[in-house]
Amino acid sequence: MIFKWLQGKKASPSLKETSSTGAGTPSGGANEPENALPQIRDSGTPSGLEMTDAYYPGHDPIDHYGNGGFRFGPMSHQGALLFLPSGIRRWNAESVSSLTLESFDPILREAEGIEILILGSGPHLVPLELTLATKIRAAGIKLDVIDTGAAVRTLNILLSEDRAVAAALLPVD
């Protein structure tokens, strides 16, 4: 998740708000040492912040991969990545063996705009469970499972050809 400042709200969260430190004495009172740090009230998300999914609306080729992440356009991302017709999103996946049908929900929602799905399985080729592959293909999507390095190269070539391509990429170290 990333933080996004809400427009029309505070420029930044206020850290000056303090809470009582006991017996009705406000922070900085006579019962505290001079060098005591003010206590910040824990009210969940700081005022003026909104949690949103990591999302990049572009279709820029991937410039670099490795060290557990990817670099594309003006962005970089640590962790798994979904490259969809609607844009590039964070993907909550750790390995091919941990994937479920729900892992592919964002892809299946955009199936009409996808001709081929490239699954980058990490540093080595790891086959996708047959039932998952069958369900993806049943949605009319051609599936190619390859290691992440080959997946990035193939994605970039298909993008340059203006093909209807999607990619689900697991990171490599």
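**Exercise 1. Glutamate 115 and its partners**

Task: Classify glutamate 115 as buried, partly exposed or exposed, then find which side chains meet it in salt bridges.

Solution. 
- Step 1. Start with accessibility in this predicted model. Glutamate 115 has a relative accessible area of 27%. Buried means under 20% and exposed means over 50%, so glutamate 115 is partly exposed.
- Step 2. Look for partners. Arginine 163 meets glutamate 115 in a salt bridge, at 2.8 Å from N to O. Glutamate 115 sits in the loop between H1 and E9, and arginine 163 in the loop between helix H3 (148-160) and E11. The two are 48 residues apart, so this pair links distant parts of the chain.
- Step 3. Lysine 142 also forms a salt bridge with glutamate 115, with the closest N and O atoms 3.9 Å apart. Lysine 142 lies in strand E10, 27 residues from glutamate 115.

**Exercise 2. The salt-bridge network**

Task: State how many salt bridges the count comes to, and which residues are linked in a network.

Solution. 
- Step 1. The count comes to 3 salt bridges.
- Step 2. Besides the pairs of glutamate 115 with lysine 142 and with arginine 163, arginine 163 forms a salt bridge with glutamate 161. Here the closest N and O atoms are 3.6 Å apart.
- Step 3. Join the pairs. Glu115, Lys142, Glu161 and Arg163 form a network of salt bridges.
- Step 4. Check accessibility. Lysine 142 is exposed, at 52% relative accessible area. Arginine 163 is partly exposed at 34%, and glutamate 161 is partly exposed at 46%.

**Exercise 3. The two sides of helix H2**

Task: Work out which residues of H2 are buried and which exposed residues its opposite face carries.

Solution. 
- Step 1. List the buried residues: Leu132, Ala133 and Ile136.
- Step 2. Find the cover. H1, E9 and E10 are among what covers the buried residues of H2.
- Step 3. Glycine 140 follows H2 and has a positive phi, near 85°.

**Exercise 4. The nonpolar cores**

Task: Give the number of residues in the largest nonpolar core and name the element that gives the most to it.

Solution. 
- Step 1. The largest nonpolar core has 23 residues. Trp91, Phe104, Ile107, Leu117 and Leu128 have the most contacts inside it.
- Step 2. Elements giving two or more residues include strand E7 (81-84), strand E9 (116-120) and helix H2 (130-138). H2 gives the most, with 3 residues.
- Step 3. Zoom in on leucine 117. Beyond its neighbours within four places in sequence, its contacts include Phe104, Ile107, Ile136 and Leu143.
- Step 4. A second, separate core has 18 residues, including Phe72, Phe83, Ala151 and Ala167.

**Exercise 5. A buried serine**

Task: Locate serine 103 and decide whether serine 103 is buried or exposed.

Solution. 
- Step 1. Serine 103 lies in the loop between strand E8 (87-90) and helix H1 (105-109).
- Step 2. Its relative accessible area is 13%. That is under 20%, so serine 103 is buried.
- Step 3. Leaving aside neighbours within four places in sequence, serine 103 is in contact with Trp91 and Ser98.

Definitions and conventions. Residues are numbered from 1 along each chain as its sequence is written. This is a predicted model: local features need pLDDT of at least 70, side-chain atom pairs count only at pLDDT 80 or more; totals for chains, interfaces and linings use all residues. Side-chain values use heavy atoms; hydrogens and water are left out. A nonpolar core is a set of buried Ala, Val, Leu, Ile, Met, Phe, Trp, Tyr and Cys residues joined through side-chain atoms within 4.5 Å. Buried means under 20% relative accessible area, exposed over 50%, partly exposed in between (1.4 Å probe, protein chains only). Helices (H or I, at least four residues) and strands (E, at least two) are DSSP runs, numbered from the N terminus. Contact means heavy atoms within 4.5 Å. A salt bridge is a side-chain nitrogen of Lys or Arg within 4 Å of a carboxyl oxygen of Asp or Glu.
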